[in-house]
Amino acid sequence: MLQFTEFYGGEGMELQATGLTFKVKSAKRVKTPYQELLLLDTYDWGKMLVLDGAVQTTERDEFIYHEMIVHPALFTFNRRVSRALVIGGGDGGTVRELLKHNVEKVELVEIDRDVVETALNELPTISSALKDERVTVHFADGREFVKGKEGVYDLIIVDCSDPIGPSAVLYQEEFYRDCFKALVPDGIFVTQSESPFAQRKIHRQVVKELEKVFQIVRPYLAFIPTYPSGMWSFTIGSKTLDPLGVHPVTLQRLYEEFKKRNGQPKYYNPEVHYGAFAIPNFVYMEE
Ligand code: AG3
């Protein structure tokens, strides 16, 4: 919405481009041991989960984030994934998308029990996958959970909040090193990596730290309207498999098989797969 606070066209005019406005039908607030949790029911975005003032997920646009944190990595594996670990992601959306793939066991480590409970009660279309028999939920600190694990997981996905509060430790080189060790020799790591526009420094930092640890590091983008600036990123760290190295014929075949089992994804497709890895120049330009 554009707001003119003075007459139109004059010197000193103030033009404000405001962010999104959410009209709230009802709200619940919980002070959890870790953060402030808000569950809003809104007119235009459906139900919405907010943690410490940051929108985590809305019923209307969650498909973009959850498809995109999962599918680029999962379509890179041309094999069955026996063990996957999700760190954070207590709303269950990432697990829901993971279970659409050939995955045997999924573990989710969420620090805040209230997030999972709220999601199960209020956001069933996002969370119900958490009840699937292939899934184990641990209420624990993800940073501690990966320590000392060696060659156990095919895949680790970090679905965390911003690097303030409980998630800060999930943005550090030592954590990425522990994840590297916890992965099998062709394992893949994925993390959400903030907005390359609104949080460019953090985004660049994540990529830089991952490059110290993983042989292949591929940041990629998706448009997420309810996150700062709408321009959002994820980054894959990989030992041997390159998401950009998947042959188009192979990807098409895997995609067709996926559609037969699950129907058509709402955001992801093979063109999006390759295109998402195209990053505009400003993101990595010198200050
Ligand atoms: N994970 C949170 C992404 C960070 C959002 N940041 C923000 N709005 N400032 C999303 C959880 C969905 N499973």
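Domain 1 is 2-57 and domain 2 is 59-284, with bounds that come from an automatic or database domain assignment.

Before I go on, this is a predicted model, so local features need pLDDT of at least 70 and side-chain atom pairs count only at pLDDT 80 or more, while totals for chains, interfaces and linings use all residues. Residues are numbered from 1 along each chain as its sequence is written.

Now, where the domains touch. The contact takes 17 residues from domain 1 and 21 residues from domain 2; two residues are in contact here if their C-beta atoms, placed from the backbone, lie within 7 Å. On the domain 1 side, β4 (36-42), β5 (46-51) and β6 each give two or more residues. Strands and helices are DSSP runs, numbered from the N terminus: at least two residues of E for a strand, at least four of H or I for a helix. By class, that side of domain 1 has 10 nonpolar, five polar and two charged residues. For the classes, Ala, Val, Leu, Ile, Met, Phe, Trp, Tyr, Cys and Pro count as nonpolar, Asp, Glu, Lys and Arg as charged, and the others, Gly among them, as polar.

On to the ligand. Which of the 15 residues around the ligand come nearest? Those are Ala54, Gln56, Thr57, Asp91 and Tyr227, where near means a C-beta atom, placed from the backbone, within 6 Å. And β6 shows up again: β6 gives the most to this shell, with four residues. Both β6 (54-58) and α2 (93-98) supply at least two. Each domain contributes at least three residues to the shell. The split by class is five nonpolar, seven polar and three charged.

Last stop, the sheet. We have an open sheet of seven strands, in the order β9-β8-β7-β10-β11-β13-β12, with mixed pairing; strands pair if DSSP finds at least two bridges between them. At the edges sit β9 (135-139) and β12 (216-223), each pairing on one side only. From one strand to the next, the twist averages 15°. Looking inside, β7 (residues 81-88) and β10 (residues 153-159) run parallel and are joined by five bridges. Leucine 85 stands opposite isoleucine 156 in β10.

Helix α7 (residues 200-213) packs on the sheet, touching β11 (183-192), β12 and β13 (231-238). The direction of α7 makes about 5° with that of β13; axes are lines fitted to C-alpha atoms, for helices over the stretch in contact, and angles run from 0 to 180 degrees between N-to-C directions.
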